[in-house]
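Subject: Structure handover

Hello,

Here is the structure I said I would pass on. My notes on it follow below.

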Amino acid sequence: MALISSILQHAKSHSSSKISTYIQRRLFSNDVRKENIVIVGAGIAGLASALSLQRFGIRSLVLEQAESLRTEGSSITLSKNGWKALDAIGVGDELRSQFLDLQGVVIKSDDGKELNSFGFKDEDKSQELRVVERRVLLETLASKLPPNAISFSSKLSNIETNENGTNTLLQLQDGTRLSAEVVIACDGVWSPTAKWMGFRQPKYAGHIAFRGLGYFPEGQPYEPKVNYTYGRGLRAAFVPASKTKVQGSQILQY
């Protein structure tokens, strides 16, 4: 109330442009918590960014709108460049021990006839491909961060820069205000920060992918290979992820 009263008092004797500048200054100087780096979104990209900065001794704050890590979802396939990145932030070996090293691809028609097959290491001995469960990846990344590195229930409602462009003000739905020198947007396809930066909205590509993770408590029976099936209007695949889990997917065109 004191802030509002001060703004109204100031408005009585100044022009609209001066009032706007005054309001912005007050908003940036009252009840604003200062942070050097704020990462918006505690998904894979957000947590990996925070962990990468931590490896260089740089603290960051990760904002997540959910009440806890959003671990729903299936899995993600990582090739050797992805594993190099995970090695660089110190979690590669911990994850490798839980997921199968895939050896190649088998492509079949919808009647079961094999169309083609090849090994990943036939041309590149260093190739590495594994399907990693999204939940395990997120929990592993989060476990390497300090307890206060992720701020849950922190949904972004507004973002703007101050008048000289040196800091960014982030307003959360609960009224919390943060002033950050650097903001890293990792908040997904419909990112409000990307929209604020002027990025174009994503466009529909014409197809939808359904993915799931099958659990075999007694052990899954498949070889460690990517299995594709193609037919008229059909694209489907299944890939063993671990000794007990298999990722399945189907792509439909609309």
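How many residues join β13 to β14 in their hairpin? Four residues do. Before the rest, two remarks on the source. This is a predicted model, in which local features need pLDDT of at least 70 and side-chain atom pairs count only at pLDDT 80 or more, while totals for chains, interfaces and linings use all residues. Residues are numbered from 1 along each chain as its sequence is written, and side-chain values use heavy atoms, with hydrogens and water left out.

Strands

Strands here are DSSP runs of E with at least two residues, and helices are runs of H or I with at least four, numbered from the N terminus. Two strands pair if DSSP finds at least two bridges between them. β13 runs antiparallel to β14, with six bridges joining the two, and Phe238 stands opposite Gly248 in β14. β12 and β13 are also antiparallel, joined by five bridges; Tyr228 has Ala237 in β13 as its bridge partner. The hairpin of β12 and β13 has two residues between the strands, and Gly233 in that hairpin takes a positive phi near 70°.

Pockets

A pocket is an open set of points on a 1 Å grid over the protein atoms alone, where a 1.4 Å probe fits, with protein on both sides within 12 Å along at least five of seven lines; lining residues have an atom within 4 Å of a point. A volume is the space filled by probe spheres set on the points, which are joined across faces, edges and corners.

The largest pocket holds about 400 Å³ of space. It is lined by 20 residues, and Gly41, Glu64, Gln65, Arg70 and Asp187 are the closest to its centre.

The second largest pocket holds about 260 Å³. Of its 15 lining residues, Arg211, Tyr228, Ala237, Gln247 and Ser249 are the closest to the centre. The strands described above return here: β12 (225–231), β13 (234–240) and β14 (245–253) each supply at least two residues of this lining.

Helices

The axes of α3 (residues 44–55) and α6 (residues 134–143) come within 9 Å and cross at roughly 25°. That makes α3 roughly parallel to α6, because angles under 35 degrees count as roughly parallel. Axes are lines fitted to C-alpha atoms over the stretch in contact, and angles run from 0 to 180 degrees between N-to-C directions.

Regards

Technical notes:
Angles under 35 degrees count as roughly parallel, over 145 as roughly antiparallel, 65 to 115 as roughly perpendicular and the rest as oblique.
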